[in-house]
Amino acid sequence: MGWNNPPIPWSEFERRLSGRRVSEQEQPERPSSRKRQKYVAQAMPDEPDEGHVRYAELHAHSTFSFLDGASAPEELLEEATRLRLHGLALTDHDGLYGVVRLAEAAEAYERVKTVFGAELSLSLSRPQNGEADPEGSHLVLLARQQAGYHRLAAAITAGQLAGEEKGRPMYGLPELAEQSGGEWMVLTGCRKGDVRLALAEHGERAAEREVARLAELFGHDNVLVELIDQGGPRDTTDNDVLARIAGRLGLPVVATNNVHYATPAQYPLATAVSAVRARRSLDEMDGWLPASAAAHLRSGREMATRFARYPGAVERTADIADDLAFRLRSARPKLPKQEVPDGHTPMSWLRELTWRGAAERYPDLDRNPAKRERIERELDVIEAKDFPGYFLIVHDIVRFARERGILCQGRGSAANSAVVYLLGITAVDSIKYDLPFERFLSSMREEEPDIDVDFDSDRREEVIQYVYAKYGRHNAAQVANVITYRPKNAVRDMAKALGHSTGQQDAWSKQIDSWSRVTTTDEHDIPEAVVDLAQQVLKFPRHLGIHSGGMVLTDRPVGEVCPIEHARMENRTVLQWDKDDCAWMGLVKFDLLGLGMLSALDYSMRTIEASLGEVWTLDSIPKEEAGVYDMLCRADSIGVFQVESRAQIGTLPRLQPRSFYDLVIEIALIRPGPIQGGAVHPYIRRKLGKEPVTYLHPALVPVLERTMGVPLFQEQLMQMAVAVGDCTAEDADLLRRAMGSKRGVEKIGALRAKLYEGMAHNGIVGADADAIYEKIEAFANFGFAESHAISFALLVYVSSWMKLHYPGAFLAALLRAQPMGFYSPRTLTADARRHGVVVRRPDIQLSGVFPLLEAIDPARQGPTGTDPCLEPDQPPVGGFDRTVPLDFAAHRRDAGHAVRLGLAGVTSIGETLAGRIVAEREASGPYRDLSDLSRRVGLTVAQLEALAAAGAFEGFGLSPRQAIWEAGNAAQERPEYLVGTAITVQPPLLPMLSPPSSSRATCGPPGSPPTTTPSASCARR
C-alpha cells in the first residue's frame, strides 16, 4: 500500500477537487503508478530476407549479471527480434535474475524462442566483489524446457545456500551432473570455462580430457562444444582446436558470441560497469578489458560468415533452441496446501471460520440480509479465483502472532474485505464503513490478493522465522528488492570509472537534484562523459536487497521456480526476483511488515502492567473519549502516530476532530504534496462552515456525504462511478487502475465511454459530466485508500489515549522503540516534561537495559487520576471549547512514577552491553565504584566516559565531570589483575562549574536528555 505524488500542478489538483471548470486548451498530465509497467513491444525494422540464416544466440549476459552486462533482458530481445534471430538464451551469472523480464518481453515477440540458463561460478573461495579477474571457472548450463528449468533453479538454490554467505555459491560438477537428470545442455564455455582454461594452460590433450569429463558426467548428447570469435588473437586457433576435439569425441559444435550487450554502441558502457564491478578505474582495468566492441548480438548471416569454416555450427543453434525453449509462465507454482480438519476442504474451512467470526462480530446477522449477502459474495469470489489457501495462510500467521502476544494489524486494501475482518486479520469493519470489496479483489482482475499485515517491528522476526520453520527454507523465501542506479550513485560510479578522485565524485553527486535523470545543464559542472554514462546506467540493477516484508510461499520448493540465495541479514534467505517479477509469474506474496508504533504500544502496555497492575489491549481501550479529542484539537500530538508532523499539528486545530472518522480524514488529507499546494482547503472550508456543502448530483450524496462533498478516498471514486455512471464495481476498479497506468489509454477509452453513457442515462451531461470525470481522474492514483486510513486511525486514537493517560509509560516506550517517528529522543523527553513527567538520568545501580517507570514515593505506587476515564462506554463527545483548559492531572494514571532512562540509550553502550551490565548487577550485587564496574563487565575508556557524561555514576557521589576524569584509571581494571594494583593518576583539582556551564555540558551527551537547559539558569538570574 502506498501513495504517489502525481506529476500535475497542485493548483490544478485543488481546482479539480473544488469543482472549478477547466478550459479545453488545458491538458494536465495524468498521474502514473510506481509499479513496473507492463512491457509494450517496440516497432523496429527487420533484417533483410536476402541471405537470412537461422541462428539462436545461446550465451548472453544482461544487466542482471550485475555489472557484467550492459543491456537489459528486454533490450537483448528487441535487438534479437530486429536481427531476426531464431532464439535467445539468457545466461546470467549464478542466477535466473532476469528471466522474468525476458519472458515478459518475449510474449510480445513470438518470433524469438526464449531459452533460460545460467553461467555458474565454480571453485570460489570467497565473494568476488572487487576482483578484476574473478577466480574460479565457469560452466554454462541451458535448461531443457520446464523440467530442466526446475532442476536448474533447484541446483542454483542448493549451490547458493551451500556457500553460507552471499556472493559465494558452492557447486560441484558431480553434484550438478546428478541434479541435471539429463535435462540440461552444457556448453564448454568462454575463456573462464574449464575446457578453455585447460587449453590455454596445458594444451589440446588437457582440453580434450575436460570435454570428455563433461560428456561423461552430463551425457554425451547433452554437451555442446562452444566456438566464440570476437576477433581476439587466439580465437581462430582455439576454435580450430575445439572443433578437432569435438570431431574426435563425436560432439556437436555451436557458434555463440558470449554476448554482454545488445549493440556495439554499448561497449563503452560495458567497460565502465566492468570497472565499477572491479572497483577500479578504466585505466587500471585496461589490461583485463576486451580490445574491441565485439561481444554484441549478431545476425545469423553475419555469424555464418564468421564461422564458415565450421559447417553447421550456426544453423545447429536454432534446432537446439527449438528443443530447449518453453513458456516461462507454465512453471508457476501453487500455494502450499493447508492442513484443515477432517471433512473440510480449504474453501469449506474458510467458510466455517468466516461464519464463526460473523456470529461473534455481527449479532444481528440474521436480521440483516445485506451483511449476509456481502459476506456470501466475497466468499464466492474467493472460491471462484481459488484463493482460500491464501486467506488461511494469513489467518494462521496472525493466529501465531496473537498467541505469542505480538501486536499485529492488517491494513491496506485488504481492509476492504469483510472476510478479512471476520477472520480477525484487520480491525476495520468494511461493511460498517461501506468499503467496496472490489478495491481489494475483483472477479475481473487477473492478479493475486495482497494482504498487508503490520507486526510489532521488534518482534516481526519471530513471525518470519515461524513461517520459515513451518514451510521450510526451500518453500519459503523473502522477495528481493532490486537496487537500481539512481542519478546520484550513477554519477559517483561513472566518475570513479573514468578515474576521477573520490572527492570529485562526491562533489558532483551532490550537485544532482533529480530523482530520474542526469542531464548536461548550467546548474552543475559535471563532465559530459560522466553525464552520458550516468544517464545510460540509470535503472541498471546494481545489487539485490530484501523487500521490507514480502514473503513467497509455494506448494513445491520455491527454489525450483526462482533460485534462493543468502541475504546479508543473518538467518534470512531471499529470492532472486523482486515483487513485480513474482506478481507476473503468479507467485503469491505475503507482506509481513514491521511498524514501530506497534512496538511502542506493546512496550507501553507491558510497562503499565508491570508498574501499575493495569492491563490493556488494543481492543479494551475506551473508545471515543472526549479528552483524547480535546488534546488533539490543541495540537498536542508529539509522539502520536501519524499526526505528529508539523503539517498535521498545524491542521488539527483547524479540523477539530471530534470523532474517530475525523481522524480517518486527517490521515488521508494531510500529505506533504496536497498541504503544500492547497488540496486540503476545499474540505476544511466546508468543515469550518466557510463554504456550503454541495453535490454535483443527488446520486452522489450517499457517496460523498461523509466527506462533505469532497472526494478524498480511492474507494469514493469507485463508488461515484457506480452511483452516477451505471458501472459495476468491477468496472469502477478497472477504471481506477487504468487511470493510474501510463499505458492504460486503451482501457480508459472503453471505460470512459461506458461511464459517460451511464451519466447521460442519469441526466448528467456536458460540463457536469466532465466535472465528475475530472474528480474521478484526479484521485485515481493519488487518493488515499479509505481502508488504509481507517486502519491507521485506530493506532492514532490508541497512541493519543496512551499519551493522555500514561505519558510516562508512553515516553519510556517511545524511547525504547527508537528510531521511529518525526522527533528525536530529546524532543520527546522535553514534551513529556511539559506534561509533568519526571525524567531521571541513567543510573548504573538503578537503570534497566531500557527505560522503565520507578515510583517517586515508594509508599504510593498505585494509579492516579480519576476512574471515569477507564469506563468502556464514554459520554458523547461535544463541541470543542478552546477556552476550557484540559485537566491533564485528572486523566493521568502514572503521575506517581518517574521515567528512569535505560543504559542501552547511552551512546556507545547499546542493548548487548547494557544487558551484560544489568545481568552482572543482578547476579553479583551492586557495583561499588567505576573500577569495580570495569573489572566485572570489562568496559573501555570511551564507554565509561559515555556513562559518566550521561550522569550514570551520580549514585557513587561523582558528578559527570569527576566521573569522566576517573574513567581512564578505572578502565585499566581487569578481572585478571589484583584489586588495587592498577597505576592511577590523581585528577587535577579544577574549580566547580557554574550552573550555566554545567547545564551546557550536560546538554551534550546523546542518549541522555538534559536535566535543565542553559536558558533556564539565565531566566532564574
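How many salt bridges does the count come to?

A: The count comes to 60 salt bridges. A salt bridge here is a side-chain nitrogen of Lys or Arg within 4 Å of a carboxyl oxygen of Asp or Glu. This is a predicted model: local features need pLDDT of at least 70, side-chain atom pairs count only at pLDDT 80 or more, and totals for chains, interfaces and linings use all residues. Residues are numbered from 1 along each chain as its sequence is written, and side-chain values use heavy atoms, leaving out hydrogens and water.

Start with Arg329 and Glu107. Their side chains form a salt bridge, 3.2 Å from N to O. Arg329 sits in the loop between helix H12 (315–324) and helix H13 (346–361), and Glu107 in the loop between helix H3 (99–106) and strand S3 (113–122), so the pair ties together parts 222 residues apart in sequence. Helices (H or I, at least four residues) and strands (E, at least two) are DSSP runs, numbered from the N terminus. Arg329 is partly exposed, at 24% relative accessible area. Glu107 is partly exposed too, at 36%. Buried means under 20%, exposed over 50%, partly exposed in between (1.4 Å probe, protein chains only).

Arg606 bridges to Asp602, with the closest N and O atoms 2.8 Å apart. Both lie in helix H22 (residues 596–612), 4 residues apart, about one turn of the helix. Arg606 is partly exposed at 44%, whereas Asp602 is buried at 7%.

Arg556 and Glu560 also meet, at 2.7 Å, N to O. Arg556 is partly exposed, at 30%.

Finally, a network: salt bridges link Glu204, Arg205, Glu208, Arg244 and Arg248.
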